[in-house]
Every structure is written in structure tokens, then in C-alpha cells.
Amino acid sequence: MDQVLENMKNIIRGGGNIVVLAGMNITYDIGLNGVTAEHIAYDIEQKYGYSNDEIASSLFYTRRAELFYRYYKEVILNIDDPQPSSIHYGIYKLQQCSKLSAVVTRSVYSLYKKAGCSNVIQLHGSVDENICPRCKRLYDSGYIKHSKGIPVCEKCGIPLRPGFSLLGEMLDNGKISRASNAVENASILLVIGAEINSPLCRYMVKYYKGDKLILLNDKERIGDECANYRAYGNIRDMFAQVMDF
Ligand SMILES: [Zn+2]
């Protein structure tokens with residue numbers, strides 16, 4: 001086994017109070033696109049006539065709700081009832097070993113919760129928390145996916161608000177401070193499937209005071225040097241090796 005992965009394994013096996021920053025590569029790995037679908041930006045523009053950033057914006061939602069919801073159903077909810085991968089279950093294993101303090105992610109899918117994780121901070125909200133602006137009832141992703149045209153509240157008959165933040169909207173301050181507090185108090189900061197300069201890590205990593213910043217990602221990128229331990233390759237395989245205790 002690779003010595004770096006062996007070192008990571010020993011740190012995790014011997015430590016606790018871990019905060020996981022769970023990146024978008026975990027989401028892409030199971031074939032989900034996320035909200036802005038950066039990895040298929042060209043295809044989106046060809047198909048919808050607008051860029052992914054335009055469609056996923058609050059202005060676009062307000063003006064072109066029908067097209068926005070078509071994109072929501074086809075691109076964001078591209079997989080019916082997605083299931084957690086071995087990475088999600090590996091993070092849950094950390095919780096079972098009483099090592100996990102929190103999972104912080106920009107992913108809008110409920111897969112960490114589905115795997116059993118309890119303290120999950122979804123900074124950008126969730127596809128399973130679409131809300132009626134009037135009665136505040138929540139609707140899950142299945143309701144959106146199977147609705148015709150613009151999904152409406154069954155009771156009020158008015159269009160639902162998507163459960164995640166759109167570009168141009170403020171993020172939830174409460175969630176950001178919960179996440180930054182968790183990172184500040186963490187003994188081990190475990191970054192999986194994101195580069196240090198990603199929108200998720202750039203902001204969060206600066207709160208970490210320890211010397212056990214572990215990074216697992218597909219390939220090396222500028223800015224990753226600040227991680228204390230890092231490995232690149234297939235994130236499922238690497239994480240399985242690190243969690244093999
Ligand atoms: Zn309602």
C-alpha cells in the first residue's frame with residue numbers, strides 16, 4: 001500500500017473529531033450533475049441556449065421558470081432516486097466509530113443523510129427541500145421530477161421555490177457559521193473530491209488550525225500544497241484503503 005495512504009489511515013485510525021469537506025467529485029463520480037453542472041457546460045449551452053450559470057441564477061428562475069424547471073428535472077435530477085456510493089458509506093463509518101464531527105458540502109443531494117450521517121451541513125441547500133413560499137410545506141426531489149411543467153404546491157397552487165441557493169442569492173449565514181465553527185474545532189480536516197482552491201475549501205480551510213489536513217482528489221491542482229497529506233487518483237479506491245481499519 002502507498003505510504004501516504006498508510007499514513008492517512010494511521011492518522012484517522014488514531015484520531016477523532018474529524019470534519020469532512022465533501023467535494024463535487026464525489027457527486028460526479030456517481031453520475032449526478034449538481035446545480036451548475038460545470039463539467040458539461042458546453043452540452044448545456046447547446047441544449048438550452050443559455051449557459052449553466054445563467055439558468056441556475058435567481059434572475060433566470062424569476063423570468064423563465066418553465067425552462068428553469070426543465071433544466072432542474074433533466075440536468076440536476078438526472079438520476080432517479082440516486083443511491084450513496086462507497087464514499088458516502090465510508091464517511092458514515094467514521095460516524096459509527098465516533099470520529100465524525102460534521103460533513104460540510106456544497107452538494108444538494110441527500111446522499112450523506114441517506115447513508116446515515118446525521119450532522120450534514122449542506123451549504124447550498126437540498127433538492128429535497130423545495131418549499132411553497134406561502135404555506136412553507138416542503139417537497140422532495142421526487143415530487144419535482146414527476147411534476148408536469150412548473151411544480152406547484154398541492155394546497156396553494158403556487159410555484160415552488162427550489163430548495164437550493166441560486167446564483168446571485170445569499171447563502172444561509174447560519175449554515176456557514178456552523179460549518180466554519182466545526183472546521184475551527186476539528187482535529188482532522190479531511191477533504192475528499194475537491195481541490196483546496198475549490199469554492200468549498202477556499203473559504204473553509206482558512207478556519208482550520210490543526211496540522212492534519214488530509215486531501216484525496218482525482219488530480220493535483222495549484223493551491224493543494226497547503227494540505228499536510230495528499231494523494232491523487234481514484235477517490236473511491238483511495239478512500240477505501242484509508243478506511244481499511
Ligand atoms: Zn402551499
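Here is a short chat about aromatic pairs and a zinc site in a predicted model.

Trainee: What do I need to know about the model before we start?
Mentor: This is a predicted model, where local features need pLDDT of at least 70, side-chain atom pairs count only at pLDDT 80 or more, and totals for chains, interfaces and linings use all residues. Residues are numbered from 1 along each chain as its sequence is written, and side-chain values use heavy atoms, with hydrogens and water left out.

Trainee: How many aromatic pairs are there?
Mentor: Rings of Phe, Tyr and Trp (its six-membered ring) pair if their centres lie within 6.5 Å; planes under 30 degrees apart count as stacked, over 60 as edge-to-face and the rest as tilted. By this rule the count is 10.

Trainee: Is the pair of Tyr50 and Phe60 stacked or edge-to-face?
Mentor: The ring centres of Tyr50 and Phe60 are 4.9 Å apart. Their planes sit at 70°, so the pair is edge-to-face.

Trainee: How many residues apart in sequence are the parts that Tyr50 and Phe60 tie together?
Mentor: Helices here are DSSP runs (H or I, at least four residues), as are strands (E, at least two), numbered from the N terminus. Tyr50 is in the loop between helix H3 (41-48) and helix H4 (52-55), while Phe60 is in helix H5 (residues 58-63), so the pair ties together parts that are 10 residues apart.

Trainee: Is Phe60 buried or exposed?
Mentor: Buried means under 20% relative accessible area, exposed over 50%, partly exposed in between (1.4 Å probe, protein chains only). Tyr50, at 26%, counts as partly exposed. Phe60 has a relative accessible area of 8%, so Phe60 is buried.

Trainee: Which residues do ring pairs link into a cluster with Phe68?
Mentor: Phe68 and Tyr72 are both buried, and they are four residues apart in helix H6 (residues 65-76), about one helical turn. Ring pairs link Phe68 into a cluster with Tyr61, Tyr69, Tyr72 and Phe164.

Trainee: Which protein donors does the zinc ion have?
Mentor: Donors are N, O and S atoms within 2.8 Å of the metal (3.2 Å for Na, K and Ca); water is not among the atoms, so sites may look incomplete. The spacing along the chain is C-x2-C-x17-C-x2-C. Lying 2.3 to 2.4 Å from the zinc ion, the protein donors are Cys132 (SG), Cys135 (SG), Cys153 (SG) and Cys156 (SG).

Trainee: Is the site of the zinc ion tetrahedral or irregular?
Mentor: Four donors count as tetrahedral if all angles lie between 85 and 135 degrees. The angles among the four donor atoms are 107 to 113°, and the site is tetrahedral.

Key. Four donors count as tetrahedral if all angles lie between 85 and 135 degrees; four count as square planar and six as octahedral if opposite donors are over 155 degrees apart and all others between 65 and 115; anything else is irregular.
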